[in-house]
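Thanks for making time this morning. I would like to take you through one model, so please have the sequence and the structure open while I talk.

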Amino acid sequence: MALFHNLLCICSLLFFIFPSIAQTSFRPKALVLPVSKDASTLQYLTQLKQRTPLVPVKLTLDLGGQYMWVDCDQGYKSSSYKPARCRSAQCSLAKSKSCITECFSSPRPGCNNDTCALLPDNTVTHTGTSGEVGQDLVSIQSTDGSNPGRVVSVPKLIFTCGTTFLLGGLASGVKGMAGLGRTKISLPSQFSAAFSFHRKFAICLTSSNANGVVFFGDGPYVLLPNIDVSESLIYTPLILNPVSTASASLEGDPSSEYFIGVKSIKINGKAVPLNTSLLSIDKEGFGGTKISTVDPYTVMETTIYNEFINAFRKALAGVPKVAPVAPFGLCFNSTNIGSTRVGPAVPQIDLVLQSSTVFWRIFGANSMVQVKSDVLCLGFFDGGVNPRTSVVIGGHQLENNLLQFDLAASKLGFSSSLLFRQTTCANFNFTSKA
């Protein structure tokens, strides 16, 4: 009886924190957001409608971000904004450990007494500060996986108020960051709780001006011409880094970022000789391999990077090298490189995962960057000695790959290049309604 009472309390608490659309019986199975690539910063941007009355808010997409944060200093006006009071259920869910007792201005979003605080983090510039936890209305489009559907609302989405200086380094017009990471108040967690759908989401980024897509919820994930990409995913476990990798964090917090277990790296089927101990996460949270949408290219610890580019150079020995074009370290004369359906005809790179038969294959479209009409550079960077994370798989390597993050099962599903399937991440049909 006591167990039943406790379960009833927990369910009631979750309903209180995440009231769903309430006014209507329609319950979406999934939600969808468009994602664009900013040409000057190479950041991936999305847009949510927030507040009352609704305002479009442009955000930099942060795959491993802890939650959504928005600049509340400039022009944040909303009749539906509510600060999260200290010791409330919202503060508990957000794992806030501090309370704002004195804010030195008249009450406004971002400045209220007796409100809990978190540490919003600009992961592009690695800057953090303190900010008020609040709630406000957010509206977003539903989807059946093939087309956008009707707009639905989450009346009390939890987010954090940042300050204007935190926007430094973000793309023009951006007002904050959309965190999709492993916390209970990230956007995927809150959307799945609000509408009681699967704790899964998928990202599909584009290299072009056309929109890519983020799906919240389970598949189908259908791209033109009527290809359900969720049917052909390869799976690997997601690994929890027990130590926070955020710019500002509290002791004992685990990382909200998504790590996978890369065991080795192969080029044209041949293993790159590297110190594989760097591919494991140590007890201080150093090492390992994570996936990032804020790093435009894959970044490797110096010794891994040096062995990697040496192996790639040898595998492409018949093509003349040219002087490196900053910020890249290895470049080739592209007139000597053929073209294929999956990009330039260069050696394929395999990130070998839990076994030799499970690997993420990177083809020329995701490994090479055209920097001049006749120059192709390898899109991988030297991350220095003793970086926090040994390998960071960056945005260029993710483009036109669909990645599904299953939070409940703690596993990643990945498609490898969709160019093989004769589709791209720009092929979600945003124009017609379900």
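I will start with the annotated domain, then turn to a sheet and its helix, and finish with a single serine.

Please keep in mind throughout that this is a predicted model. The UniProt record, which is an unreviewed entry, carries the annotation "domain: Peptidase A1" over residues 44-415. In the model that span is 10% helix and 38% strand, and its end C-alpha atoms lie 20 Å apart.

Now to the sheet, which is open and has four strands in the order β23-β24-β30-β29, paired in antiparallel fashion. Because β23, residues 321-322, and β29, residues 368-372, each have a single partner strand, they stand at the edges, and one side of each is left without a neighbour in the sheet. The partner of β23 is β24, residues 331-333, and two bridges join these antiparallel strands; in one of the pairings, Val 322 has Cys 331 of β24 as its bridge partner. Lying across β23, β24, β29 and β30 is helix α4, residues 302-315, which runs at about 140 degrees to β30.

Which loop holds Ser 292? Ser 292 sits in the one between β21, residues 289-291, and β22, residues 298-300, and this serine is buried, with a relative accessible area of 3%. Its side chain reaches the backbone nitrogen of Val 294 at 3.1 Å, and makes a polar contact of 3.0 Å with the side chain of Asp 295. Once neighbours within four places in sequence are left aside, the residues in contact with Ser 292 include Leu 63, Val 392, Ile 393 and Leu 398, with Gly 394 and Gly 395 also among them.

Note on methods: Residues numbered from 1 in each chain as written. Predicted model: local features only at pLDDT ≥ 70, side-chain atom pairs only at ≥ 80, totals over all residues. Heavy atoms only, no water. Pairing = 2+ DSSP bridges. Contact = heavy atoms within 4.5 Å. Axes fitted to C-alpha atoms, helices over the stretch in contact; angles between N-to-C directions. UniProt positions renumbered as here; feature names shortened; annotations may be inferred. Buried < 20%, exposed > 50% of the residue type's maximum accessible area, 1.4 Å probe, protein only. Polar contact = N/O pair within 3.5 Å; in protein donor to acceptor, adjacent residues only side chain to side chain.
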